[in-house]
There are 2 protein chains.
Amino acid sequence: MHAEFCFYVRQIAFPEQKAGCRSNKFDRMSTSIYSADRLKAFVKQVFMKMGSSEEKAETASDVLIGADLRGVDSHGVARLIGYVRLWEADRVNIAPEIKVVHETPSTATVDGDSGLGLVVAPQAMQLAIEKAKEVGTGWVAVKNSNHYGIAGHHAMMALEHDMIGFSMTNASPLVAPTFANERLLGTNPIAFAAPTLNEPPLVADFATTTAANGKLEILQRKGLDTPTGWVQDKNGKGTVDSHALKQGGALLPLGGDRERSSHKGYCLGSMVDILSAVLSGANYGPWVPPFVSFLPVSDNPVGEGIGHFFGAMRVDAFRPAEEFKRHMDQWICRFREAKPVDGQERVIIPGDPERETEAIRRREGIPLLAPVVRDLEEVAQKFDLAFCEQAH
Amino acid sequence: MHAEFCFYVRQIAFPEQKAGCRSNKFDRMSTSIYSADRLKAFVKQVFMKMGSSEEKAETASDVLIGADLRGVDSHGVARLIGYVRLWEADRVNIAPEIKVVHETPSTATVDGDSGLGLVVAPQAMQLAIEKAKEVGTGWVAVKNSNHYGIAGHHAMMALEHDMIGFSMTNASPLVAPTFANERLLGTNPIAFAAPTLNEPPLVADFATTTAANGKLEILQRKGLDTPTGWVQDKNGKGTVDSHALKQGGALLPLGGDRERSSHKGYCLGSMVDILSAVLSGANYGPWVPPFVSFLPVSDNPVGEGIGHFFGAMRVDAFRPAEEFKRHMDQWICRFREAKPVDGQERVIIPGDPERETEAIRRREGIPLLAPVVRDLEEVAQKFDLAFCEQAH
């Protein structure tokens, strides 16, 4: 859902890994390497065993493996067991009839029929693209959906059509607005993708909080504190205790505190919530249903499921496409060539780290932590499947 | 351009002011109070003396006084002398022919003909609204413009049409991307306005930096340091020296530093730059021309003038308008009633402080600092006008 564009590469790089090496230490846990193709084939089988059509299973596994390839491990196959449990709790419809319930030439509202967001989201984004072909731009709000994987995947669907793509979603409430001692917003990510000529496309994809939950968990495992500005405790006070969220605290909006303009992160998270849910008819704010199956959904929902929002804009609806893309290249080159601060090699362009990770992982395989492998083995057993072998 | 939605009210409140009191101490400088109507009439006369049509002068003075009314003093009449000087330097065309140079049913690109952004922006936003009436949404990119005042003013034009409004602009480069020791982006604000039923509308309007230049200037006058995360010095190191920007440093993207996700503020500023300028054909990044007349424009521009981007979405293009607005009310009430942290009275809804300030200032007048009054008197003299009397 939210790639942290700058910093993931360092976390997932394998400094001690050599060709042929199958396993290494990461975060004090062993990892094993799997080929993306084999993992994808396994995930697809699982969705089909749950009752998905082959076509929908193909789409969903594409989104999930796409996250692992791009280094957003928190939103890849590590989530598969979560989707399975939601399905077991009858909170996901594995064979949804996804319907347009309202539309104009440039807009649509889609009812996801409680489907996997992994399936609903690409279909809604495709609709936005089709509308953009007709009238220049397309905007699709989605209700009655579930967790949709990484935001960037859907925004990037626009690129091959020479369109700018937007993707956002609301999510389970873990975030306290500025001055609030309540969790009212999700990490509500925004993704934005712009096409280019010879440079790789610019892809921004980020949670509207200072840090996402996955990063907290890494620090918890290491027994480390967080930087300031990430979390507040159950009394609403800023803290560096990486366990604070689990103990009744909250994540903080981007900015972290009032002096550093957390109200702006709160505005961004609110905008995502309103576009994704108030516009579509999904649940918003504290009513958004939790991703985990062991937490109950609200007795008084204000809408249906969770909500997403997608946009596609043909760049040639504004100026000739080649002109736009040539200037995007120039923008990127100018920023890439900027003078870095001491101790940094370069200024990073949004999307660089994920693309670089993808090149490595397509070649060398996807590293999975031991607990993730155990979860996948449990899923395999549940459906009487063989979990894939490690990469050769 | 960027209201700092939470905090302005406190800065401009007049705790010692009583009815009939004309002047008080603010920020160690005396202020005088002027009626909004009289100030507006004066500003309008100035634009007409510069050669503006009455209609355009009316629009421009509306935007400028709107900023003062809403408490965004940095973007109100305090800027008038800046616009005059740009016009004297032949960098503003006071009688522009604003033209649509490219369009589709849901989009347009507008050439502002070097006009005042205060005039070009409302016209472009109006075009977005007209397109939304036809096909559900309208999106307008603008090139060849100048500083457009407060972002929120233009976004709010959508509200009376039951539309969601968006407004953004790029600006002179003062901001260093994450890891960069160069100023490559402006404070590039985003505004978002959503209509409501009985509650006041939600209006978010914020720079994509931790803090805007106006706040730095307040601290400089007081001889105070900044909080961390606002600025870096000329060597690219984070600092709390409020003079750092003037001494070759840079403002920092929202987030402040890498540990607190400044790359997300950098992504947001980049998105605004790309939508406002790469899409429209304006200058972007370090090529954006400065607002101040004493700094030269680039010898090698990559586009024309500065760029803006506007959007309007009919809410009934997604669901019945009344339904949307009723749920907006519920969203707002739930957030407003949230439990505040200790020491805070309430959780603030984006747009509350500016609206509250406007109610006070419409009733009691607009306070202007002595240096601003001196500038306005200078402008009055230049055009052989009488500057308005203070409010009775």
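How many residues does the contact take from chain B, and how many from chain A? The contact takes 71 residues from chain B and 71 residues from chain A, where two residues are in contact if their C-beta atoms, placed from the backbone, lie within 7 Å. This is a predicted model, in which local features need pLDDT of at least 70 and side-chain atom pairs count only at pLDDT 80 or more, while totals for chains, interfaces and linings use all residues. Residues are numbered from 1 along each chain as its sequence is written, and chains are lettered from A and ligands numbered from 1 in the order in which they are written.

On the side of chain B that touches chain A, at least two residues each come from β3 (99-104), β4 (107-111), β5 (137-145), β7 (190-194), β8 (202-206), α8 (262-278) and α9 (321-336) of chain B. These helices (H or I, at least four residues) and strands (E, at least two) are DSSP runs, numbered from the N terminus. The residues of this side comprise 39 nonpolar, 23 polar and 9 charged; Ala, Val, Leu, Ile, Met, Phe, Trp, Tyr, Cys and Pro count as nonpolar, Asp, Glu, Lys and Arg as charged, and the others, Gly among them, as polar.

The arrangement of the two chains comes next. The same surface serves both copies, as 100% of the contact residues of chain B recur in chain A.

Within chain A, an open sheet of 3 strands has the order β10-β9-β11, with antiparallel pairing; two strands pair if DSSP finds at least two bridges between them. β10 (238-239) and β11 (250-251) of chain A stand at the edges with a single partner strand each, so one side of each is left without a neighbour in the sheet. Strand β9 (residues 231-232) of chain A is joined to β11(A) by 2 bridges, and A:Val231 stands opposite A:Leu251 in β11(A).

Confidence is expressed by pLDDT, the predictor's confidence in each residue, from 0 to 100. Chain A has a mean pLDDT of 92, and 92% of its residues reach 70 or more. Over residues 1-28 of chain A, however, the pLDDT is below 50. The model scores ipTM 0.93 and pTM 0.93.
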